[in-house]
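Good morning, and thank you for coming.

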Amino acid sequence: MTSKNSKVVELEQVVIRFAGDSGDGMQLTGSLFSDSTAFAGNDFATFPDYPSEIRAPQGTVSGVSGFQIHFGQKTVHTPGDLADVLVAMNPASLKANMRWIKEGAIIILDADAFIEKGVIKAGYLEDPTLDGSLSGFKLIKSPISTLTKEAVKHLDLDMKSTLKSKNMFALGIIMYLFNRELDMTNLYFERKFKANPLVVEANKAVLAAGFNYADTMEFFGTTYKVEPAFLKKGKYRNITGNIATAWGFMAASERSGRPLFLGSYPITPATEILQELTNHKSLSVKAFQAEDEIAGIVSSIGASYTGALAITTTSGPGLSLKSEAIGLAVMTELPLVIVDVQRGGPSTGLPTKSEQSDLLQALFGRNGEAPVIIIAAKSSSDCFYSAYEASKLSLEHMTPVILLTDGMLANGSEVFKIPKVADLSPITPPLAEANDPLYKPYRRDPEKLNRQWAIPGTHGLRHRIGGLEKEDVSGNVSHDPLNHQKMTFLREEKVQRVANYIPEQEVFGNPNADLLVVSWGGTFGVMITVVEKMQQQGQSIALAHFKHIMPLPKNTEDVFDRYKKIVVCEINNGQFVKYLRMSYPQFKYYQHNKIQGLPFMIAELEAKFNELLNQ
Amino acid sequence: MENQIIDTERIQLTKEDFSSDQMVKWCPGCGDHAILHAIENVFPNLGVAKEDFVVVSGIGCSSRFPYYMNTYGIHSIHGRAAAIATGVKLANPNLSVWMISGDGDSMAIGGNHFIHVIRRNLDINLLLFNNKIYGLTKGQFSPTTPKGTKTKTSPQGTFERPFNPGELVIGAQGNFFARTIDTNPKAMTVVFMEAAKHKGTSVVEILQNCVIFSNKAHELITSRETRDEYQLFVEHGKPMIFGAKKDKGIVLKGTKLEIVTIGENGITESDILVHDQYEKDSGVHAMISSMMPPEFPVALGVIRSVKAETFDQAMMNSIEFAKEHSPIKTMDDLLNSGSTWTID
C-alpha cells in the first residue's frame, strides 16, 4: 500500500510524539512505528515518557503517556527536542504535550474525545480545537473512535476490545503520512496475537482503515518521506539502554568464561535489566530477585567470591542502601559491578524522570576510604559497551565498578550495530592456580596491584576474607596502624592505575577552540548534536564528553589546558564540576545545569554557548 | 527420608584439616569455643572435600567463626550472612555452605534475610548462636532477651517481647529446625550431623552462654539442679518424656500442650505425645518450639525435618531446562535474534 493521491515531500529528519491515556497503548504504537522506521532504513532514537502511576486517573493530564521518535537520513543522536507531529488521543494528552511541539506542527486528534467532559477533565476551560488557540498548527481532527468501531463492525468484538485498537487507527494515519508499508506491522499482529485470530483481524482492519482514511482525506495534499540513512554496512537492531546493559554483561560473561550472577531488587527505572537477565537462563545466567536492595548486592558479593561475574542493578535510593556492602567489596577486593540507573532524587524523588545526580554518591557515598571505578554510559547502545568494559575492568583489576546510566538511556532506544562477541576485547581475570604454594590472599600483581581470585572448590587455596582490615599480602585480620595506611594507599593506587587501561579523553572539534564544552554520561547525544551544529555554523567550539569518571583519563589536564573557556553541562546541580574543581583546581569552570527531570534542549545549550562565546 | 549421601570412604579427613592457624579470640569460658570444637568434629565426617566447605558469617562475636576454620570463608557485614550464603550457594550448588550467626545478627538487623532464606529453602546450614544479648558491643538487649532483663540499654528491664527463633523459622515455612546447647558437645554433634544431611535451609539454634554480659541466661536449662526438669530431648518416633525420674511427659490436650506425670491420674507412657519430625504440618512443631521455661522444658534435638525442593536445585533445574529447549545457545545467537535488519 502506498499513497497515490498526494504529493511527496522529502524531509531530512522528523520527530513524532504519540500521546494518550496511560491505558491507550501509546508505547506499543510508538514501538511499532520504530520497527517500521528501522525497516525504512532511517537512523532513529526513541524515548517513552510515562507517569509513575500505572493507571493514573483516566483523562487527566497526570495520566498521559507519551512516546517520542526522532528519525532521519543523517545520524540521529537524541530522541529529539520538539515534535513535528503530535498524535493526541484525548484533550489531556494535547494539553500535556503542547509545550513539546514545534510551531506549525501537525496535530492528529481523536475528535470523539473532545467532548465537554473530556475537555474539562483535562483542565481546559473551552474546547481548544474550537477557540482558535490551535490556529498556528496543522490540525487533523478525526473521529478516530467512531471510525475504529466502524472498521471492526463485521467482527464479533466487544466494545472494550474495539476501542483498545483505536491506537492502530492513529498509527495507520501516521503510516500513510510517512509513506510506510503496513506488511511488517501486520506480521507483528500475527505473531503477537497468534492465540487470538479475532484480535489479529481487528488490529489489521483498524490499521488499514486509518491508512485508507488518510489517503481518502488527502490531508494537506502532502505526504512525507525520509530517505534511508547512510549507516555503515552491517546488521542492526533497535535496542534500549536497559536491554543493552543486560546484554553487555552477558557478552562479558561469555568472553571471560565467568558465569553471570545478578542479585537485584526491582526499582524504577532499573527493573528491566533484572527482567531481561531472568529471561536468559539458556545462557546460564543466574538472576536472583532478592528480598531487598541489600540482599541484592550482598548475594552478588557471595557469588563473586565463588567465581561469578557478579553484578547488581539499582537506581539512586537503592544505591544508598547498598553503600555499606560496596565497602565490603572494596575491602575484600572482589570484582563486582553495581549499575545505577539514575533518576531524579533525593529520596523517592522523580522515579520516572532522568537525572545525573548520583555522581557524588557514586564517588564518595561510603564510610572510610573506599575508592571504586566509575564509568558512565553515553547512549542507549553504548550501555552495551559500558557494561562490557565495567565487567572487564572489575574482573581484571579485582575491584568494584559503579556503572552509571540514567532513565533517559535506560528507556530510550536507538539503532545498534550488532557486534560479534569474538571481536570484543578479551577479558582475563587473575585466577589463582590450584595448589599454588605461593598463593597469598592479598599478594598483588606489581602492575595493576590487583590480588588474585581463589575460588571455593579449588584445591590448596582455602582462605578467609572479610570486612575487617587485612594485613598486606597474608590477608590476615590486622589492626596495625601502619598496615592500615599502607592498605588504604594500595586500594587507592589500584583504582588510580586503571587510568593506564582506559582510553585517553577524546575531543570533538578544534583542539584550540575558544570554548570547550564538557559533559559526561547520558547527555552525549544532545551535546554532540549542538556542538556539531555550531561548528558547522563556524563557531569555535569543541566537546569533551567523559565516560570514565574514576579514574579520569590521564590526559584530562592536558585537554583542559588547551582551552580558554570551559563550560561543564550536567543534569544536576553541578556535581561533575565540583569533582573537576577538586581534581584540577587551576582551571576556571563555567557551568550549565538543569534539574527539571528533563533533558537538555538544543536551543537552550546553543544560547548558553553563544553567550559564553560572545562574552 | 532421603538425605544427602555421606561418603566418608572417599574423603578421609580429620579435625586437624579444619583447624586454622589463627588465634581464637573469644573470651575464656565463652560457649563459642565448644561450638567450634563440635563443628571441627563434624566437618571431617560429612564426606565433603575440605575445599568444598564455605563458612560465612555476619557481624558479632559468633561471626568471627570463619577465621577459626581452615576452609573457604567470608566474614561479611552485620546481618547479611544469609545473603552472602545465597550468592555462594547459587553460584556453586556443589559447595557445603555453613552460615554462622547470632541473635542480633539474624533476629534484628538481618531478620529480613533470615526469613527469606528459609522461605526459599536454600540448601545451607544456618547455625544461630543465641546468647540473648549483644556481646560485641558490650551488653545491650537483643530481640531474644527475655522481657524484664536489665541490660545497658534496658536499665529498668526490657519491656519488649522477645522472639523465639523456632517460631520464626516455622512462620517462614522452614523445613528444618533443631535446637541444641553449648554445654552438651555430644548433642551438638548429633544435631549438626542431622542439619548437614538435610537438604534445604537447616536452622540450628544453639543456646549459648555469654560469660560476660548474659552469664547464666540459660541457667534453668543448664544448671545441674534444674536441667533435667527443663531439658526435653526430642527424638523421632519416641514419646516426649523428661524429668530426673523420666516420669514427666508432654501431651496434646485440645489445642494446647500440657505437662503430665506418668503414673498419676491414670497416665501411662502410651498417652505421651510421640515426636514426628517428618510431619509436614508444622502445627505441633511450632508448639514444641515454643515451649520455654519456667512453664515448660525447652525442646532440644531435631524438632522439624521435612523434605522439600531446594531453591538452588530449582534454579539449576530451570537453567537446565532452558538450555535444553531454548534456540539461544550463545550470545551471538541472542544478538542476532528477533527483529534485525542488514545494510549492505
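Let us begin with Pro551(A), which lies in the loop of chain A between strand S20 (548-550) and helix H18 (556-561). The peptide bond that leads from Met550(A) into Pro551(A) is cis, with omega near -5°. Please keep in mind that this is a predicted model.

Chain A has another cis bond to show you, from Gly345(A) to Pro346(A), with omega near 0°. Pro346(A) is also a loop residue, found between strand S13 (336-342) and helix H13 (359-364) of chain A.

I turn now to backbone angles. Ser284(A) is not a glycine, yet its phi is positive, at about 65°. This serine is found in the loop between helix H10 (271-278) and strand S11 (286-289) of chain A.

We come now to the meeting of the chains. How many residues of chain B are in contact with chain A? There are 51, and they touch 56 residues of chain A. Several elements of chain B each supply at least two residues to this side, among them strand S2 (72-75), helix H2 (81-91) and helix H10 (311-325). H2(B) gives the most, with eight residues. By class, the side of chain B that touches chain A has 22 nonpolar, 21 polar and eight charged residues.

Strand S17 (residues 464-466) of chain A pairs with S2(B) in the parallel sense, over three bridges. Within S2(B), Gly73(B) stands opposite Arg464(A).

Finally, consider Ile77(B), in the loop between S2 and H2 of chain B. Why is Ile77(B) called buried? It is buried because 26 other C-beta atoms lie within 10 Å, and the cut-off for that word is 20 or more. Leaving aside neighbours within four places in sequence, Ile77(B) is in contact with Glu324(A), Ala325(A), Leu328(A) and Gly467(A), as well as with Gly58(B) and Ile59(B). Ile77(B) and Asp105(B) are 28 residues apart in sequence, and 9.2 Å separates their C-alpha atoms in space.

Technical notes:
Residues numbered from 1 in each chain as written. Chains lettered and ligands numbered in written order. Predicted model: local features only at pLDDT ≥ 70, side-chain atom pairs only at ≥ 80, totals over all residues. Contact = placed C-beta atoms within 7 Å. Helix = DSSP H or I, 4+ residues; strand = E, 2+ residues; numbered from the N terminus. Nonpolar A, V, L, I, M, F, W, Y, C, P; charged D, E, K, R; others polar. Pairing = 2+ DSSP bridges. Buried ≥ 20, exposed ≤ 12 C-beta atoms within 10 Å, placed from the backbone.
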